[in-house]
Protein chains: 2
Amino acid sequence: MKSPLESAAARRRYDALLQLLGTADAIWNASRVFFAAWDLSPSQFNVLNLLRGVPGGISQTELSRRLITHRSNVTGLADRLERRGLVSRQDVAGDRRAYRVVLTRSGAELLKQILPEYHARADALWRGLSLNHVSRLTSKLQALARNAERIAMELPERVK
Amino acid sequence: MKSPLESAAARRRYDALLQLLGTADAIWNASRVFFAAWDLSPSQFNVLNLLRGVPGGISQTELSRRLITHRSNVTGLADRLERRGLVSRQDVAGDRRAYRVVLTRSGAELLKQILPEYHARADALWRGLSLNHVSRLTSKLQALARNAERIAMELPERVK
DNA sequence: AACATATTGTTGACATATCAACAATCTGTA
DNA sequence: TACAGATTGTTGATATGTCAACAATATGTT
């Protein structure tokens, strides 16, 4: 049985966990509202933003790695962006399996409209927090992410 | 045009934003792996956990408020949990529109199996961080969530 | 060359999420 | 009572995400 003090600490940590998930959710939702002005989802914006300034484009597998999502997910994402003419798929010289997803001129222009606004909002998010605050927050978040990944890796040993 | 120093600060803040979203994602994914051992999704667990110790149950609209999701989402969530016998829907005396979603005995027993393990993992997440760290993290996250909500509220004024 | 193995992108099944629209029902007020 | 307006849960369309399985293609080894 835990001492009262220990369970109070556990409760504080649990509240912090919920706050972390809730904050990320609030930010993601705010970005969804923001990008809706251009009929984009946050994920679609992320794709366009990754392709910015990469004339040769990026393969779908590499995109899935950077977006931390499954390859199969990128298929539909690229499909919808291609249908709107914001990206195109180009064949890869030495590999007939792969495409490179490339930003079209139209996609680049859309990005150019969005980015200044986007960066202004991303900056406004930090109102009231100093750069030192930001640094300390980042390093704690890194520690948490490491812990989470370690815990996830440990799990398969006990599953069922 | 921004000074180099200002843009370096902006970059630090942007990195912190990506780290925040990435950390939340890592935690969510770890929890997905964890709950998969019981064939539950994180959202399904959240429903069960909200219902724990509430004999009268909770209406779907109230559930959607606490889960911060749309009402229509709760329909399917409750459907699937009901199909597995983990929750049941009970009529509300004075209101023929509403149900109350209630944890069944079977659902309560499942929760009882999961919770100790879950809390142990949730606690392990904070390894390396003191309680003071946790507190400071929480208050920064609260400030960020407030900013995000403010920004989201401001947006409709400029959409399109 | 031949063969095992790995990789690429796609598909299908499903869960989760959004939103708009709907019928049924409740509530407050004229 | 009657009726306007709000609320409840559901449905359908769509996007995003997971996973497993697949054909096509590369790659490395014998």
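1. Just beyond helix α2 of chain A, A:Gly53 adopts a positive phi of about 70 degrees; helices here are DSSP runs of H or I with at least four residues, strands are runs of E with at least two, and both are numbered from the N terminus. The model is predicted, so that local features need pLDDT of at least 70 and side-chain atom pairs count only at pLDDT 80 or more, while totals for chains, interfaces and linings use all residues. Residues are numbered from 1 along each chain as its sequence is written, and chains are lettered from A and ligands numbered from 1 in the order in which they are written.

2. The buried residues of α2(A) are A:Phe45, A:Val47, A:Leu48 and A:Leu51, where buried stands for 20 or more other C-beta atoms within 10 Å of the residue's own, exposed for 12 or fewer, and partly exposed for the values in between, with C-beta atoms placed from the backbone. These residues lie on the same side of α2(A) because they cover an arc of only 160 degrees around the axis, the arc being that of the directions from the helix axis to the C-beta atoms.

3. A:Gln44 also has its place in helix α2 of chain A, but this residue is partly exposed because 19 other C-beta atoms lie within 10 Å. Not counting residues up to four places away in sequence, A:Gln44 touches A:Leu77 and A:Leu81, contact being defined by C-beta atoms, placed from the backbone, that lie within 7 Å. From A:Gln44 to A:Ala8 the separation is 36 residues in sequence and 42 Å in space, C-alpha to C-alpha.

4. Turning to the contact between the protein chains, 54 residues are taken from chain A and 54 residues from chain B. On the side of chain A that touches chain B, the elements that give two or more residues are α1 (4–36), α5 (105–124) and α6 of chain A, and α1(A) gives the most, with 22 residues. That side of chain A divides into 33 nonpolar, eleven polar and ten charged residues, where Ala, Val, Leu, Ile, Met, Phe, Trp, Tyr, Cys and Pro count as nonpolar, Asp, Glu, Lys and Arg as charged, and the others, Gly among them, as polar.

5. A:Ala24, placed in helix α1 of chain A, counts as buried because it has 23 C-beta neighbours inside 10 Å. Leaving aside neighbours within four places in sequence, A:Ala24 is in contact with B:Leu20, B:Leu21 and B:Ala24.

6. Helix α6 (residues 131–154) of chain A and helix α6 (residues 131–154) of chain B have axes that come within 10 Å and cross at roughly 115 degrees; axes are lines fitted to C-alpha atoms, for helices over the stretch in contact, and angles run from 0 to 180 degrees between N-to-C directions. The crossing of α6(A) with α6(B) is left-handed, a term for the near helix being turned anticlockwise from the far one by less than a right angle, with clockwise giving right-handed. A:His133, A:Leu137 and A:Lys140 in α6(A) meet B:His133, B:Leu137 and B:Lys140 in α6(B), and the residues of this contact divide into two nonpolar, two polar and two charged.

7. Around DNA strand D there are 22 residues, of which A:Ser41, A:Arg96, B:Thr61, B:Ser72 and B:Thr75 come nearest; a residue is near a molecule or strand if its C-beta atom, placed from the backbone, lies within 6 Å of it. The surface near DNA strand D receives the most from α4(A), with five residues, and its residues divide into three nonpolar, 13 polar and six charged.

8. DNA strand C is likewise surrounded by 22 residues, the closest being A:Thr61, A:Ser72, B:Ser41, B:Ser72 and B:Arg96. For the surface near DNA strand C, α4(B) gives the most, with five residues, and the division is three nonpolar, 13 polar and six charged.

9. Two loop residues of chain B deserve a look at their backbone angles. B:Asp39, in the loop between α1 (4–36) and α2 of chain B, has a phi near 55 degrees, a positive value in a residue other than glycine, and is exposed, with 10 other C-beta atoms within 10 Å. B:Ile68, in the loop between α3 and α4 of chain B, has a positive phi of about 50 degrees although it is not a glycine, and counts as exposed because it has 12 C-beta neighbours inside 10 Å.

Technical notes
Two residues are in contact if their C-beta atoms, placed from the backbone, lie within 7 Å.
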